[in-house]
Amino acid sequence: MSDVVVGETMDDMDDDNDGKISLAEYIGELGEHEDDDDDEWIEKEKENFQKVKDKNGDGYLDRAEVHQWIVPAEVNYSLEEAKHLIEKADENDDGVLSYQEIVENHDVFVGSQATDYGRMLHEEL
């Protein structure tokens, strides 16, 4: 799916069809501003393009750079939720949940997105 989004972005912004997005194409595609802040906005976007988006510094955004810009970094939400649950229920801070810690903190697990996902998955099966 992300390849489709990247492809559509390239198609929309790559006006000269050279397979990369120039600074001019980037600024032009983001729209025309009618207020007095145009110059400030353009300068901010130029800096953003040059210092953040153009990773290899060649003055263009290639497909990989557009992908990094458009598609958010992978976040393992299950791992983050598991860490959160352990942090909340691990009363002796040993990094391991005992049966007793789980029972005593059952409300933490009942309200968890992870256990809710498990419930929804079970219902679908």
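Which strand does Tyr60 lie in? Tyr60 belongs to strand β2, residues 60–61. The notes below concern a predicted model.

1. **Tyr60.** Tyr60 has 29% relative accessibility, so this residue counts as partly exposed. Beyond four places in sequence, Tyr60 touches Asp18, Lys20, Ile21, Ser22, Phe49, Asp54 and Glu65. Ala24 is 36 residues from Tyr60 in sequence, yet their C-alpha atoms are 9.6 Å apart in space.

2. **Ser22.** Ser22 sits in strand β1, residues 21–22. Its relative accessibility is 16%, and buried means under 20%, so Ser22 counts as buried. Neighbours within four places aside, Ser22 is in contact with Phe49, Gly59 and Tyr60.

3. **Phe49.** Both Ser22 and Tyr60 are on the contact list of Phe49. That list also holds Ile21, Leu23, Tyr26, Asp54, Gly59 and Leu61, again leaving out residues up to four places away in sequence.

4. **Nonpolar core.** Phe49 is one of the 11 residues in the largest nonpolar core.

5. **α1 against α4.** Helix α4 spans residues 63–70. Its axis and that of α1 come within 10 Å and cross at roughly 115°. The range for roughly perpendicular is 65 to 115 degrees, so α1 counts as roughly perpendicular to α4. The crossing is right-handed. On the α1 side, the contact is made by Ser2, Asp3, Val5, Val6, Gly7, Thr9, Met10 and Met13. On the α4 side, Arg63, Val66, His67, Trp69 and Ile70 take part. By class, this contact has 7 nonpolar, 4 polar and 2 charged residues.

6. **Asn17.** Most residues other than glycine have a negative phi. Asn17 has a positive phi, near 55°. It is placed in the loop between α1 and β1. With 66% relative accessibility, Asn17 counts as exposed, because the cut-off is over 50%.

7. **Asp93.** Where does Asp93 lie? Asp93 is in the loop between α5 (77–89) and α6 (99–104). Its phi is also positive, near 55°, in a residue other than glycine. Asp93 has 66% relative accessibility and therefore counts as exposed.

How values were computed. Residues numbered from 1 in each chain as written. Predicted model: local features only at pLDDT ≥ 70, side-chain atom pairs only at ≥ 80, totals over all residues. Heavy atoms only, no water. Core = buried A, V, L, I, M, F, W, Y, C linked by side-chain atoms within 4.5 Å. Buried < 20%, exposed > 50% of the residue type's maximum accessible area, 1.4 Å probe, protein only. Contact = heavy atoms within 4.5 Å. Helix = DSSP H or I, 4+ residues; strand = E, 2+ residues; numbered from the N terminus. Axes fitted to C-alpha atoms, helices over the stretch in contact; angles between N-to-C directions. Parallel < 35°, antiparallel > 145°, perpendicular 65-115°, else oblique. Left-handed = near helix turned anticlockwise from the far one by under 90°. Nonpolar A, V, L, I, M, F, W, Y, C, P; charged D, E, K, R; others polar.
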